[in-house]
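Keep the sequence and the 3D view open while you read.

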Amino acid sequence: MKLIVAVVQDQDSSRLSSALTKSDFRATKLASTGGFLRSGNTTFLIGTEDELVSNALDLIRDNCRSREQMVAPVSPMGGNADSYIPYPVEVEVGGATVFVLPIEQFHHF
């Protein structure tokens with residue numbers, strides 16, 4: 001058994017949730033916030049059998065895409081202001097960061 005932890009951008013959350021449900025994967029959704037852009041994310045916890053991990057990863061890959069977005073940088077607080085860029089920059093956002101962890105035991109009460 002494996003635990004898949006997938007951190008996805010909020011824009012992709014509903015689409016991924018629907019795809020997981022249609023494919024009979026059970027998932028727990030947690031609201032989370034990214035550290036770099038400080039924007040909303042959704043973290044999915046998906047428990048599945050070893051042989052279904054690749055199917056779940058395919059669903060995540062197909063429903064979470066990266067995109068370019070203009071972001072206004074956060075001003076440094078107590079940091080070095082010399083490296084602060086005061087204008088918006090284009091960065092790649094979205095996609096998914098996925099961890100697959102082995103599960104020693106699983107209990108459902």
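K2 and D50 form a salt bridge, with their closest N and O atoms 3.9 Å apart. A salt bridge here is a side-chain nitrogen of Lys or Arg within 4 Å of a carboxyl oxygen of Asp or Glu. This pair ties together distant parts of the chain: K2 is in strand β1, D50 is in the loop between β3 and α2, and 48 residues separate them. Helices (H or I, at least four residues) and strands (E, at least two) are DSSP runs, numbered from the N terminus.

Before we go on, a word on where this comes from: it is a predicted model, in which local features need pLDDT of at least 70, side-chain atom pairs count only at pLDDT 80 or more, and totals for chains, interfaces and linings use all residues. Residues are numbered from 1 along each chain as its sequence is written, and side-chain values use heavy atoms, with hydrogens and water left out.

How many salt bridges are there by this rule? The count comes to three, and here they are:

| Salt bridge | Closest N and O atoms |
|---|---|
| K2 and D50 | 3.9 Å |
| D12 and R15 | 2.5 Å |
| D58 and R61 | 2.8 Å |

Now for how open these residues are. Buried means under 20% relative accessible area, exposed means over 50%, and partly exposed is in between (1.4 Å probe, protein chains only). K2 is partly exposed because its relative accessibility is 24%, and D50, at 41%, is partly exposed as well. D12 counts as buried, because its relative accessibility is 0%, whereas R15 is partly exposed at 34%. D12 and R15 sit three residues apart in helix α1, so about one helical turn separates them. D58 and R61 are also three residues apart, about one turn, but in helix α2. D58 is partly exposed at 36%, while R61 is exposed at 55%.

Stay with α2 for a moment. Which of its residues are buried? They are V53, A56, L59, I60 and N63. These residues lie on the same side of α2, because they cover an arc of only 125° around the axis (the arc is that of the directions from the helix axis to the C-beta atoms). The face turned away from that buried side carries the exposed residues R61 and D62. As for the buried residues of α2, they pack against β1, α1, β3 and β6 (96–102).

I4 has contacts (heavy atoms within 4.5 Å) beyond its neighbours within four places in sequence, among them F44, I46, I60 and V98.

One last stop: S13, in helix α1. S13 is buried, because its relative accessible area is 5%. What joins its side chain to that of T42? A polar contact of 3.4 Å does. A polar contact is a pair of N or O atoms within 3.5 Å; within protein, one must be able to donate a hydrogen and the other to accept it, and residues adjacent in sequence count only if both atoms are side-chain atoms. Not counting residues up to four places away in sequence, S13 touches V8, K29, T42 and F44.
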